[in-house]
Amino acid sequence: QVRLVESGGGLVQPGGSLRLSCAASGRIFSMSTMGWYRQAPGKQREQRELVASISSGGSANYADSVKGRFTISRDNANNTMYLQMNSLKPEDTAVYYCRFTRTRFPAYDYWGQGTQVTVSS
């Protein structure tokens with residue numbers, strides 16, 4: 001069984017930075033796509049927003065709202081993913097979740113438990 005654990009969330013002032021980490025325990029196969037999602041206050045699980053994703057080859061995609069401010073990266077050797085968040089804004093406040101997916105056999109879709117990020121003065 002694979003478990004994803006996020007860390008690095010917290011309270012930060014507008015304009016500040018945070019670095020989130022997502023570590024996977026258990027066996028993660030190659031060709032996994034990793035992503036960060038966020039669920040804003042008052043939103044339902046189905047309304048989680050994709051913040052950034054990174055393919056097994058290192059190709060990254062970002063939501064328009066975070067382009068130029070957030071950077072996603074991964075360490076395949078250690079099954080770990082990161083999200084460097086700079087120039088944080090109050091509207092970035094949310095619970096951030098990591099997700100690992102693989103579509104080819106053996107397929108899987110794992111979520112972490114989430115870490116709270118609050119941007120406030």
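In this predicted model, Cys-22 and Cys-98 are joined by a disulfide, with an S to S distance of 2.1 Å. The structure holds one such link. The link of Cys-22 and Cys-98 is right-handed, with 55 degrees about the S-S bond. Since Cys-22 belongs to strand 3 and Cys-98 to strand 9 (residues 94-102), the pair ties together parts that lie 76 residues apart in sequence.

Strand 3 (residues 18-25) and strand 8 run antiparallel and are joined by six bridges. Within this pairing, Leu-20 has Leu-83 of strand 8 as its bridge partner. Strand 8 itself spans residues 80-85 and is mostly covered, with five of its six residues buried.

Strand 8 also pairs with strand 7 (residues 70-75), again through six bridges and in an antiparallel arrangement. Here Met-81 of strand 8 stands opposite Arg-74. Strand 7 and strand 8 form a hairpin with four residues between the strands, and in this hairpin Asn-79 adopts a positive phi near 50 degrees. Strand 8 is thus bridged both to strand 3 and to strand 7, while strand 3 carries Cys-22, the cysteine tied to Cys-98 in strand 9.

Methods
Residues numbered from 1 in each chain as written. Predicted model: local features only at pLDDT ≥ 70, side-chain atom pairs only at ≥ 80, totals over all residues. Heavy atoms only, no water. Buried < 20%, exposed > 50% of the residue type's maximum accessible area, 1.4 Å probe, protein only. Helix = DSSP H or I, 4+ residues; strand = E, 2+ residues; numbered from the N terminus. Pairing = 2+ DSSP bridges. Disulfide = S-S within 2.5 Å.
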